[in-house]
Amino acid sequence: MAGGFLEQPVTSRFDFCLWLDTDAYFPDTINVDLIGEMQETNIKYAFSHRIWDPYHAVRHFWDHTLLYMQSRDIDLRTREGMPDVAVEISLPGAADIVGEPMVVYNGKSIMADFQIMDVKWWSSGSFWDYFLYVDSMGGWWTDRWGDTAVRTVAVAMHLNHEEVWQFDLPYAHQKFCRCGANSSKSCELRDSLWICV
């Protein structure tokens with residue numbers, strides 16, 4: 001998902017791609033035009049929530065990403081407008097050898113079970129260059145890297161805060177359910193399906 005689907009000829013015919021896992025659904029009515037909102041406000045990526053990636057799914061990933069950023073002169077310590085999604089800037093402490101702020105991957109990735117992507121941006125140079133670099137490292141096969149970490153860090157590296165939208169909509173996936181912060185309803189499990197009541 002991180003890059004392969006963008007190479008499909010049919011994908012280039014669309015402006016946006018809404019990705020919803022087969023076991024994900026909306027437990028209540030959504031009263032907003034998600035794609036229209038993204039077009040009007042120039043949003044490149046929208047998602048539902050973040051999760052902690054297990055260590056085995058990101059082993060060696062951050063090391064390769066730091067090498068990539070160094071080779072491309074990307075310094076997240078000085079990047080303004082960065083979305084608060086994947087990395088943290090830790091201030092130097094007494095134990096720091098370099099004495100400078102460090103960029104640390106926090107291990108929390110954007111979940112891919114419900115997302116909307118601006119296809120043209122995700123097929124463009126900045127993401128594609130990073131994807132090809134990560135792909136060349138072979139971590140998909142040797143370390144079981146998931147596309148969630150790759151996409152999350154790409155968002156932190158290349159998009160500004162106002163180009164990313166974390167929606168707060170009625171949404172259910174497996175054991176997760178929410179009705180939205182502005183809803184007076186709550187999730188209830190009925191016949192193995194979540195609904196907002």
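Me: Helices here are DSSP runs of H or I with at least four residues, strands are runs of E with at least two, and both are numbered from the N terminus. In which loop is Lys-44 found?
Reply: The model is predicted. Helix 1 covers 34-41 and strand 3 covers 45-47. Lys-44 is in the loop between helix 1 and strand 3.

Me: Is Lys-44 buried or exposed?
Reply: Buried means under 20% relative accessible area. Lys-44 has a relative accessibility of 13%, so Lys-44 counts as buried.

Me: What is the phi of Asn-42, roughly?
Reply: Asn-42 follows helix 1 and sits in the loop between helix 1 and strand 3. Asn-42 is not a glycine, yet its phi is positive. The value is about 60°.

Me: How accessible is Asn-42?
Reply: Partly exposed covers the range between the buried cut-off of 20% and the exposed cut-off of 50%. Asn-42 falls in that class, because its relative accessible area is 42%.

Me: Which residue caps the N-terminal end of helix 1?
Reply: Look at the backbone nitrogen of Ile-35. A side-chain oxygen lies 3.4 Å from that nitrogen. The oxygen belongs to Asp-33.

Me: Which residues in helix 1 are buried?
Reply: What covers the buried residues of helix 1 includes strand 1 (16-20), strand 3, strand 8 (114-118) and strand 9 (164-166). The buried residues themselves are Leu-34, Gly-36 and Met-38.

Me: At what angle do the axes of helix 2 and helix 4 cross?
Reply: Helix 2 spans residues 61-71 and helix 4 spans residues 125-136. Their axes come within 10 Å. Helix 2 is oblique to helix 4, and the crossing is right-handed. The angle is roughly 130°.

Me: How many charged residues does the contact of helix 2 with helix 4 have?
Reply: Helix 2 brings Phe-61, His-64, Thr-65, Leu-67 and Tyr-68. Helix 4 brings Ser-126, Asp-129, Tyr-130 and Tyr-133. By class, five are nonpolar and three are polar. The number of charged residues is one.

Me: How is helix 2 oriented relative to helix 6?
Reply: Helix 6 spans residues 147-158, and its axis is 12 Å from that of helix 2. The two pack at about 30°. Angles under 35 degrees count as roughly parallel. Helix 2 and helix 6 are therefore roughly parallel.

Me: How many nonpolar residues are in the contact of helix 2 with helix 6?
Reply: From helix 2 the contact takes Phe-61, Trp-62, Thr-65, Tyr-68 and Met-69. From helix 6 come Ala-149, Val-150, Val-153, Met-157 and His-158. Two of these residues are polar and none is charged. The nonpolar count is eight.

Me: Which word describes the orientation of helix 4 and helix 6 to each other?
Reply: Their axes come within 10 Å and cross at roughly 140°. The roughly antiparallel class needs an angle over 145 degrees. Helix 4 and helix 6 are therefore oblique.

Me: Is the crossing of helix 4 and helix 6 left-handed or right-handed?
Reply: On the helix 4 side, the contact uses Ser-126, Phe-127, Tyr-130 and Val-134. On the helix 6 side, Val-150, Val-153, Ala-154, Met-157 and His-158 take part. By class, seven are nonpolar, two are polar and none is charged. The crossing is right-handed.

Me: How far apart in space are Met-137 and Phe-61, C-alpha to C-alpha?
Reply: Met-137 lies in the loop between helix 4 and helix 5 (139-142). Met-137 touches His-64 and Trp-145, leaving aside residues up to four places away in sequence. In sequence, Met-137 and Phe-61 are 76 residues apart. In space, the C-alpha distance is 9.1 Å.

Me: Is Gln-174 buried or exposed?
Reply: Gln-174 is found in the loop between strand 10 (171-173) and strand 11 (176-178). Its phi is positive, about 55°, although Gln-174 is not a glycine. With a relative accessibility of 52%, Gln-174 counts as exposed.

Me: What share of the residues of the protein count as buried?
Reply: The protein has six helices and 13 strands. It has 197 residues. The buried share is 46%.

Definitions and conventions. Residues are numbered from 1 along each chain as its sequence is written. This is a predicted model: local features need pLDDT of at least 70, side-chain atom pairs count only at pLDDT 80 or more; totals for chains, interfaces and linings use all residues. Side-chain values use heavy atoms; hydrogens and water are left out. Axes are lines fitted to C-alpha atoms, for helices over the stretch in contact, and angles run from 0 to 180 degrees between N-to-C directions. Angles under 35 degrees count as roughly parallel, over 145 as roughly antiparallel, 65 to 115 as roughly perpendicular and the rest as oblique. A crossing is left-handed if the near helix is turned anticlockwise from the far one by less than a right angle, and right-handed if clockwise. Contact means heavy atoms within 4.5 Å. Ala, Val, Leu, Ile, Met, Phe, Trp, Tyr, Cys and Pro count as nonpolar, Asp, Glu, Lys and Arg as charged, and the others, Gly among them, as polar. Buried means under 20% relative accessible area, exposed over 50%, partly exposed in between (1.4 Å probe, protein chains only). A polar contact is a pair of N or O atoms within 3.5 Å; within protein, one must be able to donate a hydrogen and the other to accept it, and residues adjacent in sequence count only if both atoms are side-chain atoms.
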